[in-house]
Amino acid sequence: MKTYTLDEVQDKLIGKIGTPERDRFEYELQMDLIGKAIKQTRQERKLTQEDLGKLIGVKKAQISRLESNASNVTIDTLMRVFN
């Protein structure tokens, strides 16, 4: 039975580093991780989505979208959340 390295599996399933497919995958993964980090931090600070929205001047729905997929949010909104 042949064994494969993680890099070989990623190259085969996702695409080689530098290809549009791999870049898109990496971007979506990073945006997902950012959303999860925001949600975790918000919960640790015992804030609701509505509370966080009020603090940064956006609606609860935008916080929900941000936590589920940070790629559909502006840099300005991300910066306000991090501040």
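At roughly what angle do the axes of helix H3 and helix H4 cross? The views below start from the overall fold of this predicted model and then turn to that crossing.

**View 1. An all-chain look at five helices and zero strands.** The elements run α-α-α-α-α from the N terminus on; helices (H or I, at least four residues) and strands (E, at least two) are DSSP runs, numbered from the N terminus. With a radius of gyration of 17 Å, well over the 12 Å that the globule rule gives for 83 residues, the protein chain is more spread out than a compact globule. That radius is taken over C-alpha atoms, and the rule is 2.2 Å times the number of residues to the power 0.38. Along its principal axes, the C-alpha trace spans about 55 × 25 × 20 Å.

**View 2. Helix H3 (residues 49-56) against helix H4 (residues 60-68).** Here is the answer: the axes cross at roughly 105 degrees and come within 8 Å. Axes are lines fitted to C-alpha atoms, for helices over the stretch in contact, with angles from 0 to 180 degrees between N-to-C directions. H3 and H4 are therefore roughly perpendicular (65 to 115 degrees). In contact (heavy atoms within 4.5 Å), Gln49, Glu50, Leu52, Gly53 and Ile56 of H3 meet Lys60, Ile63, Ser64 and Glu67 of H4.

**View 3. Helix H2 (residues 20-44) against H4.** These axes come within 6 Å and cross at roughly 125 degrees. On the H2 side, the residues that meet H4 include Asp32, Lys36 and Arg42, while H4 brings Leu66, Glu67 and Ser68.

**View 4. Lys2 over the face of Tyr4.** Lys2 lies at 5.0 Å from the ring centre of Tyr4; a charge sits over a ring if NZ of Lys or CZ of Arg is within 6 Å of the centre and within 35 degrees of the ring normal.

**Notes.** Residues are numbered from 1 along each chain as its sequence is written, and side-chain values use heavy atoms, leaving out hydrogens and water. Local features need pLDDT of at least 70, side-chain atom pairs count only at pLDDT 80 or more, and totals for chains, interfaces and linings use all residues.

How values were computed: Parallel < 35°, antiparallel > 145°, perpendicular 65-115°, else oblique.
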